[in-house]
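Me: I have a structure open and I'd like to learn how to read it. Could you walk me through it?

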Amino acid sequence: MTTRPDYPHLLSPGRIGPLELRNRIVMAPMGSFMGGEDGHITERHKRFYVERARGGVGLVTTEVVAVDYPRGAAMIHQLGLSDDRFVPGLRDLTDRVHAEGALISVQLQHAGKVSTKDLADGRPLSVPSAGVQAMEGVMEDLTPEETSAIVRHYTKVDPGNMLRELDEPEIRRIIGTFADAAERARRAGFDAVEVHAGHGYLVNEFLSRHTNKRTDDWGGPFENRARLLCEILREIRHQVGDDFGVWCRLDGEEKDVPDGITREDAIATACLAEAAGADAIHVSRYGGGSGIGFAAMIVHEAGELLPYAEAVKRAVDVPVIAVGRILPELAEEALARGRCDFVAMGRQLLADPELPAKLARGRRQDVRPCIHCYTCVGQIFVNEVVKCAVNPACAREHEFAIEPAKQSRHVLVVGGGPAGMEAARVAALRGHRVTLVEKQKHLGGTAFFSQLVYEPNGELVRWLEGQLRVLGVELRLGTEATPALVQASGAEAVVVATGARRELPDVPGADGPNVFSGDALRELLAGGGEAARKLSLAQRVMVRAGQTLLGIGDDPARVRELSKRWMPIGRRVAIVGGGLVGLELAEFMVERQRHVTVIEEGACFAPQMAIPRRWRTLHILREHGAELLLETRVVAFTERGVEVGAVDDSECLVEADTILLAAGVVPDHGLAEALGSSAAEVHVIGDADRVGYIEGAVLAGAQLARVL
Ligand SMILES: Cc1cc2nc3c(=O)[nH]c(=O)nc-3n(C[C@H](O)[C@H](O)[C@H](O)COP(=O)(O)O)c2cc1C
C-alpha cells in the first residue's frame, strides 16, 4: 500500500520548458565566494552543490556566474563563463549533480554598478547611465574591520573615473557574452540558464528608471528599458535551441527605490520575457540602496515575496518560481492554491541540504531550521566564503563529514545550550553513549531565553532537543553537574558547555531597584527569583500569576505573546550594551511600545551580528525612534535613569524607568577549573570557553564531537 506524502504538491514532479524536475524545489542561486583564482570552480565548491543535489532538490541553480568574466563580476571570488577554459570544471560539476538525480541551471550575470571585481582590478563600472550611484549604502553601520575588509580591494579605482556609460557596440557585445555563456553552459552539461535581471545588476539597471536615464533606444519608455533583457533572451534561445531551459529572474518590485520598478512594470516585463522565449519567470525583489534595502531581497518575513509571484503568475502562461523564506508548509499551500509553480529555497538549504529527502521520508521534524540570522550572506559583504550559523558543514562539506567513532565511549556533556546539544548530537551520531546534564529544567541555555526576543532561536533549540531524543541521548534536566557527579558518572570524556557569566558593571547603583541584569531577567522569566523583589507588589502578583497559574514561565512563545500586552518593564527603557544581545532586546522592547535608549561604549553596534541583520535591526530601532548612543560610557545608575559620559567627557542623564544590562558577558571557566585533573578528559566549548553566540557554540560543538 502506498501512503500519500505529506507534501503532495511540493514533492510532485514538474515541468519547466524542456525540463522535467523530480519535485518543485529549486535551490535558489546563492553567491558563495568560493570561486577559485581566475573564475574556476573548486572541489570545495562542487561539493557544496553536490550535497544539495544529493539532498533531493529538483533543480540546483548556481550562484551568479559572470558572463564577461573578469568584467562584470560581483564578487572577487566568482565563477566565470566567458571562456571555454571554464567548461571542463563545470562539466564535472554538472555530471556529479546529475548523478544525484537533480537538474542544474546556471545563473548568468553581469553585475553592472556592483561589479566589485572591476573595482578591485581597477576597471570602471559598466552602467546604463553615468548618473547612477555605485555601491549605494553598503558602507553604513560597519565596524572598522568590516570597512577595511570591503575597501582594501578597491584601492585601485580612481573615484573620478568610476563609471562608464555603455555605448551601443558595448551593449551589443554584452548581449553576445550572455549568449556565448549560455552556449558554453550547454556544453558544460547544464540543463538551463537563468538570466539575472534583478537585484541591482546590469539588466535590472536597464529595466529601472532609477538607474536608466538614457534617451536612446535602450532607455525611456518601458519597452526600451526591457530591450536588453529581451534581446539577451532571444539571442540565447537562438544559440541554444528549444531543448534547453532558458528563463530569467526578475524583481517583483524595487521597494523604496525612487523611480524604481513597480509591480506593474514587473508584470509587464515578465510578459515581454515570456514573449522573448523565457520558459519560466523567477520572481524576487530588490530594495533601496541603503542597508535595509537588502532585507527587501533576502527577506525576514516568511512568504513575503509570494504576492509578487502570484501577480506574475496571473499574467503569464509559463511556470513561475517563487522565493523568499518559503518553508515547506507554505510552499505546499502556495503550490496547491496555484500561487506559483515552483519554490526556490535559499538559506533553508544552507541550513539543511537534505530538506527535500527528509520531507519525502516523512521526517519534517528532522529538518534543521534556518534562524534567518544573515550570517550566510553577511560573509559575502566582507569578502569571505559563505557559512551557516546552524550548519557548520555548509561550504565545508569536505571537512565536516560525520564518521563513526573508532571506539564507542561514554561522553558526558555538561550544559544543554547549543554548544552542548550539538556536541551531544554529533557524538551520538558517531556511536558514542552520551549523557547530557543540564541545570535548568529545560534545554537551550541562553538560546532558550533569547528565543523570547528572537523567536527563531527557539526553533533551533527544539530541533536540537528533538534530535537528541531520537538519538537516545540520556537527558538529565534540572541537575547541577558537580565534580562529584562527573566523577561518579564514569564518563571517559567530559564536555563542559556551561555557557557564560554575566558580570554587573562596576559603577554606582548597579544593584538599584530599577536595574535588571541579564540573569535577573532570566530569573523573572523562570520563576521570579531574587529579581522579583525589585518589582512592585502589583507587578509581582502579575508575574507570579503568569508563572504559577498559567505556567508560562517555561513557554517563551506564550511569554512573547503576552508581553505584547503586559510586562513588568517601565515605559522608558535604557539598555546598556549595544551588542547582539542588546539590539535584540531593544527590538523586542520597541515592538512593545517602549521608548528605548541603547548605550554602547564601543564605536559600532553589534559587531557580532551579520551586517544585513544589523542593518535591519538598526533600521527598525531608528524607525521606532529609539535613541542609539555610541562611544558612551555608564557613569552611574540612579532612580531617574543612567548617567552617561561621552568621549569628550561631557555627562548627561538618560532618563529611564527600567535599565536592562546587556553587556559584561564573560566565559565561565568555573566547572572546568573545579574538575581540575579529576576527570579523564575534559573539553571546554561554547561560551564557557569563548563567547561566540549561537554560531560559535554550534561550531565548537560540531568540531569537538567530530574528534571525540
Ligand atoms: C548567501 C546568499 C547569496 C545569495 N546570492 C544570490 C545570487 O548569487 N543570485 C541571486 O539571484 N540571489 C542571491 N541570493 C538571494 C537568494 O537567491 C534568495 O532569493 C534569498 O535568499 C531569499 O530566499 P530564502 O529566504 O529562501 O533564502 C543570495 C542569498 C544568500 C543568502
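Me: Which element gives the largest share of the shell around the ligand?

Reply: A quick word on the model before that. It's a predicted one, where local features need pLDDT of at least 70, side-chain atom pairs count only at pLDDT 80 or more, and totals for chains, interfaces and linings use all residues. Residues are numbered from 1 along each chain as its sequence is written. Helices (H or I, at least four residues) and strands (E, at least two) are DSSP runs, numbered from the N terminus. Here H15 gives the largest share of the shell, with 3 residues. Strand E4 (59-66), helix H13 (347-351) and helix H15 (375-381) each supply at least two.

Me: How many residues surround the ligand, and which are the closest?

Reply: A residue is near a molecule if its C-beta atom, placed from the backbone, lies within 6 Å of it. In this model 24 residues surround the ligand, and Ala28, Met30, Gly31, Gly346 and Arg347 are the closest.

Me: How does that shell divide into nonpolar, polar and charged residues?

Reply: Ala, Val, Leu, Ile, Met, Phe, Trp, Tyr, Cys and Pro count as nonpolar, Asp, Glu, Lys and Arg as charged, and the others, Gly among them, as polar. For this shell you get 12 nonpolar, 8 polar and 4 charged.

Me: OK, zooming out: what does the secondary structure of the chain come to?

Reply: It comes to 26 helices and 28 strands. The radius of gyration (taken over C-alpha atoms) can be set against the globule rule, 2.2 Å times the number of residues to the power 0.38. For this chain it is 27 Å, close to the 27 Å that the rule gives for 708 residues, so the chain is as compact as a globular protein of that length.

Me: Is Thr215 buried or exposed?

Reply: Count the other C-beta atoms, placed from the backbone, within 10 Å of a residue's own: 20 or more is buried, 12 or fewer exposed, in between partly exposed. Thr215 has 9 such neighbours, so it counts as exposed. You'll find Thr215 in the loop between helix H6 (202-207) and helix H7 (222-225). Across the whole chain, buried residues make up 54% of the 708.

Me: And which residues are buried in H8?

Reply: Arg227, Leu228, Leu229, Ile232, Leu233, Glu235, Ile236 and Val240. The helix itself (residues 227-240) has 14 residues and reaches 20 Å from its first C-alpha to its last, close to the expected 20 Å; that expected span is 1.5 Å times one less than the number of residues. Just after H8, look for Gly241, which takes a positive phi of about 80 degrees.
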